[in-house]
Amino acid sequence: MAFDGASKVTEIALRSDRDIARARGRVSELMKAKGARDIFLTRFVTAVSEITRNALTHGGGGRLVIYEFADGGRIGVECSDTGSGIADIGAALADGFSTRKGNMGRGLGGAKRLSQEFMIESTVGKGTIVRMIGVCRSR
């Protein structure tokens, strides 16, 4: 998935919980400005929260880049980290999978379900990149 026809809006370094809140807030602001319906906004901001939390918790931090598409109806995000990577992406996307005890294990799979488009690349020992597109309004 490429962000063809999209322009970079901002980049947020993910070093603490405050940065996750900033990322959520910035995505929410952008979607509201584009007239997003509440359901689309809530779904996509939740997905952004999941992937940024994973970058911080499992990747040791990272960055989120936010894009807007020229069509005005979609935004994209790219969340990357340089952590240990994911050995089995299929397993990581399955509900119930978690590397942390007591966790429900719905983060990545949930983010995939909550976004219009979802792509993940990961290399063990090098890190992970997640790209998602959220819709602001029905076409």
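Predicted model: local features only at pLDDT ≥ 70, side-chain atom pairs only at ≥ 80, totals over all residues.
**Entry 1**

I then searched for aromatic pairs and found 2 in the structure (rings of Phe, Tyr and Trp, the last by its six-membered ring, pair if their centres lie within 6.5 Å; planes under 30 degrees apart count as stacked, over 60 as edge-to-face and the rest as tilted). For F3 and Y67 the ring centres are 4.7 Å apart and the planes stand at 40°, so I logged this pair as tilted. F3 lies in the segment before strand 1 (6-14) and Y67 in strand 2 (residues 62-69), so the pair ties together parts that are 64 residues apart in sequence (strands are DSSP runs of E with at least two residues, helices are runs of H or I with at least four, and both are numbered from the N terminus). Like F3, Y67 is buried.

The rings of F3 and F69 have their centres 6.0 Å apart and their planes at 80°, so this pair is edge-to-face. This pair, too, links distant parts of the chain, F69 being in strand 2 and 66 residues from F3. F69 has 5% relative accessibility and therefore counts as buried. Through these ring pairs F3, Y67 and F69 form a cluster.

**Entry 1: charges over rings**

I next asked which residue lies over the face of F69. It is R74, at 4.0 Å from the ring centre (a charge sits over a ring if NZ of Lys or CZ of Arg is within 6 Å of the ring centre and within 35 degrees of the ring normal). I also noted R37, whose charged end sits over the ring of F40 at 4.9 Å from the centre.

**Entry 2: the sheet and its helices**

I traced an open sheet of 5 strands, with antiparallel pairing and the order 1-2-3-5-4 (two strands pair if DSSP finds at least two bridges between them). Strand 1 and strand 4 (117-123) stand at the edges with a single partner strand each, so one side of each is left without a neighbour in the sheet. From one strand to the next the twist averages 15° (axes are lines fitted to C-alpha atoms, for helices over the stretch in contact, and angles run from 0 to 180 degrees between N-to-C directions).

Going through the pairings, I counted 8 bridges between strand 1 and strand 2, where I12 has L64 as its bridge partner in strand 2. Strand 2 and strand 3 pair over 6 bridges, and V65 stands opposite E78 in strand 3. These two strands form a hairpin with 4 residues between them, and G72 in the turn has a positive phi of about 75°. Strand 4 is joined to strand 5 (residues 127-135) by 7 bridges, with V130 in strand 5 as the bridge partner of I120.

Helix 1 (residues 17-33) lies across strand 1, strand 2, strand 3 (74-81) and strand 5, and runs at about 160° to strand 1. Helix 4 (residues 107-114) lies across strand 4 and strand 5, at about 145° to strand 4. In helix 4 I found G107, L108, G109, G110 and A111 buried, and what covers its buried residues includes helix 2 (38-59), helix 3 (89-93), strand 4 and strand 5 (contact means heavy atoms within 4.5 Å).

**Entry 3: salt bridges**

How many salt bridges does the structure hold? I found 10 (each a side-chain nitrogen of Lys or Arg within 4 Å of a carboxyl oxygen of Asp or Glu). R26 and E29, both in helix 1 and 3 residues apart, form one with the closest N and O atoms 3.5 Å apart. K8 forms another with E11, at 3.0 Å between the closest N and O atoms, and E11 is partly exposed, with a relative accessible area of 38%.

The side chains of R63 and E78 meet in a salt bridge at 3.4 Å, N to O. R63 lies in strand 2 and E78 in strand 3, so the pair ties together parts that are 15 residues apart in sequence. R63 is partly exposed, with a relative accessible area of 29%, whereas E78 is buried at 10%. Salt bridges that share partners join K8, E11, R63, E78, E121 and R131 into one network.

Methods. Residues numbered from 1 in each chain as written. Heavy atoms only, no water. Buried < 20%, exposed > 50% of the residue type's maximum accessible area, 1.4 Å probe, protein only.
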